[in-house]
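I opened this entry to record what I looked up, element by element. The coordinates come first, then my notes.

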Amino acid sequence: MTNGEGQAARVVDSVGDVSLSDRAVHDTHPYSERLRRLSDIIVAFNVAGNVSDVVRGLGDELLQLCAAERVDVDVRRGERRTEHHATRHEGHDDSREAAQIHVDDDGGAPARWRMILARRNGSKLGDLVLSRSAPPFTSDEISIAVQVAQVAAVTIENLDLIDALRDADQRKDRFLAMLAHELRNPLTPIVNAVAMLDRVAGSHSGIARVKETIDRQSSQLVRLIDDLMDVSRVTQDRLELRREVVLLREVFELAFEAVRPMLIERNLHLTVNMPGDSIGLYVDPARLAQALTNILSNAVRYTDPGGAIRVDVHNTSADVRIEVSDTGIGIPPDKLEQVFEMFARVYDHGSRTPAGLGVGLALARRLIELHGGSMTAHSAGVGQGSTFRLTLPRVVKSDPKHAQLLQVDADRSTTSAAIPALPLPMTTPRFVPLVSGRRVLVVDDNIDAADSLALLLEREGHQVTVAYDGEQAVRVYAEQHPEAVVMDIGLPLLDGYEAARAMRLAQGSHPLLLIALTGWGQGDDRRRSQEAGFDHHLVKPISPRAIHALLVEHTRLAPPAPTR
């Protein structure tokens, strides 16, 4: 018994405090059944999920072990109070009325016995009262009651500590999410301002150097914010999966959507080779898309403009194998495993500066492993490009979930026939044709961000209107029916989700491209924006060139909206 456990209980009776050694002397005779039961109780307490279970278990077990007629447990932790009143006889009045006190003529133990449950620091945690009409409680019964109560008191305190840590951890995660969101907001007008400097720098070398410095450092801040979001989850192994049967194609669409602006901005050529048959997976689609996005983002980050990225998908008897290859800077042979270590940053010291916190690939591998797969890195060396190979178990005919896959595939086919979706990009162009003239609505409650983006899009030849809250945005859309809306999510009066739904309802026959431009970039955020009707989900800050590229792509996919 530890010192902390020894302080977990004090015995008192109706007269006052009584020393444990005076009242509870351990008997050396074997009580194997009681010891076995005590061991079971300790195990049960250790796996209890909440304080109520421990308090209930303490009362019910002592009712049997000590042959009591009634056990009252009252635990108080601040403003929280947990009580349990266990009685032996059915129909017994379960009030707080105290049982009759009996003391034998020889001064033996009373038939009403009370213990103060105490914390490790000696402060009071609660009360435990055992009662019966006769005979008095024996020293053996008191001894085992003390042991059980001590374990219960320590368990309750541990559960409170765990709850406090969990609450603190959740508050920290909420703080990090809010911090990332708030940091992205001021970065957006900074990125827009850098794009404006591009227009005015001209041949002035001084302005050009200043612009390049701001651009480089703001990009580094964006990477740090992105990595910050996932550090705690990886280090504490608290990643949770919400599995469902999905098509691999759908997961790829989420991942490609996230990296498409970077591909266009860096003028990279992406090729995807995927079997024509449906590949089913039992995965968390948001988390798997996050892993694929991290792998693709890594390839984009370390491939020079004009380079190429290739994705090959192969079926095996029970798995799907995915290879992501790039023509980037490559990886030294002795660093191939190091790239998956948390905070590892392997780069060519001659031409590269470290990017991010080194979390992306570590997180990607962990997510793949949680899905029952594996991930490895391959490279012929520095300057020779890299290949990341991952395998995932797929849903096959012998799998009980195969029927779900058939239904998902059928639903996808029906939906695609009714509402044609953007095709999965088998390739991306190496350049963006300069097509302009779209009517665009920019919506953001950050006035600097909205106005600077509007100014840049106007310089590209678009006709731009600005709104600063959700209600105003819906009114403007109903009046003007712009062909594209670039909208923040966290808007006053009406948030971006509701505004997007309202615009979709009012769309009618008018073509509409809805782009979410937000500081929230987790999997659930992307899922919610897709459900609200957004076509693209971009995380702040994003280059205005990338937004212009999406507007250009929309120009190629849809005819101009009729003028009102």
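**Entry 1**

I began with Phe388, which is buried at a relative accessible area of 2%; buried means under 20% relative accessible area, exposed over 50%, and partly exposed in between, with a 1.4 Å probe and protein chains only. The model is predicted, so local features need pLDDT of at least 70 and side-chain atom pairs count only at pLDDT 80 or more, while totals for chains, interfaces and linings use all residues. Residues are numbered from 1 along each chain as its sequence is written, and side-chain values use heavy atoms, with hydrogens and water left out.

I then looked for aromatic pairs, taking rings of Phe, Tyr and Trp (its six-membered ring) with centres within 6.5 Å; planes under 30 degrees apart are stacked, over 60 edge-to-face, and the rest tilted. The count comes to 2 aromatic pairs. One of them is Phe252 with Phe256, which is stacked, at 5.3 Å centre to centre and 10° between the planes. I placed both in helix α7 (residues 248–265), 4 residues apart, which means a separation of about one helical turn. Helices (H or I, at least four residues) and strands (E, at least two) are DSSP runs, numbered from the N terminus. Phe252 and Phe256 are both buried.

Phe340 and Phe388 also form a pair, edge-to-face, with 6.1 Å centre to centre and 85° between the planes. This pair links distant parts of the chain, 48 residues apart: Phe340 is in the loop between β11 (319–326) and α9 (360–370), and Phe388 is in strand β13 (residues 386–393). I found Phe340 buried as well, with a relative accessible area of 8%. The charged end of Arg365 sits over the ring of Phe340, 3.9 Å from its centre; the criterion is NZ of Lys or CZ of Arg within 6 Å of the ring centre and within 35 degrees of the ring normal.

**Entry 2: helix α4 and what follows**

I checked the length of helix α4 (residues 51–65). Its 15 residues reach 21 Å from first C-alpha to last, close to the 21 Å expected, where the expected span is 1.5 Å times one less than the number of residues. Buried residues in α4 include Val51, Val54, Val55, Leu58 and Leu62. At the start of α4, a side-chain oxygen of Asn50 comes to within 3.2 Å of the backbone nitrogen of Ser52.

Ala67 is in the loop between α4 and β3 (70–77) and is partly exposed, with a relative accessible area of 38%.

I found a further positive phi at Asn267, near 55°. Asn267 is in the loop between α7 and β8 (269–273) and counts as partly exposed at 29% relative accessibility.

**Entry 3: helix α12**

In helix α12 (residues 470–480), I listed Gly470, Ala473, Val476 and Tyr477 as buried. They lie on the same side of α12, because they cover an arc of only 120° around the axis, the arc being that of the directions from the helix axis to the C-beta atoms. The cover over the buried residues of α12 includes β14 (439–443), β15 (463–467), β16 (484–487) and α13 (496–506).

Asp469 caps the N-terminal end of α12, with a side-chain oxygen 3.1 Å from the backbone nitrogen of Glu471. Just after α12, His481 takes a positive phi of about 45°.

**Entry 4: single residues and chain totals**

Gln150 is in helix α5 (residues 139–201) and is buried, with a relative accessible area of 4%. Gln150 and Ala118 are 32 residues apart in sequence and 8.4 Å apart in space, C-alpha to C-alpha.

Ala111 lies in the loop between β4 (80–87) and β5 (112–118), buried at a relative accessible area of 0%. I found 4.3 Å between the C-alpha atoms of Ala111 and Pro136, which are 25 residues apart along the chain.

To close, I took the totals. The protein chain has 15 helices and 18 strands, and buried residues make up 48% of its 564 residues.

Note on methods:
A polar contact is a pair of N or O atoms within 3.5 Å; within protein, one must be able to donate a hydrogen and the other to accept it, and residues adjacent in sequence count only if both atoms are side-chain atoms. Contact means heavy atoms within 4.5 Å.
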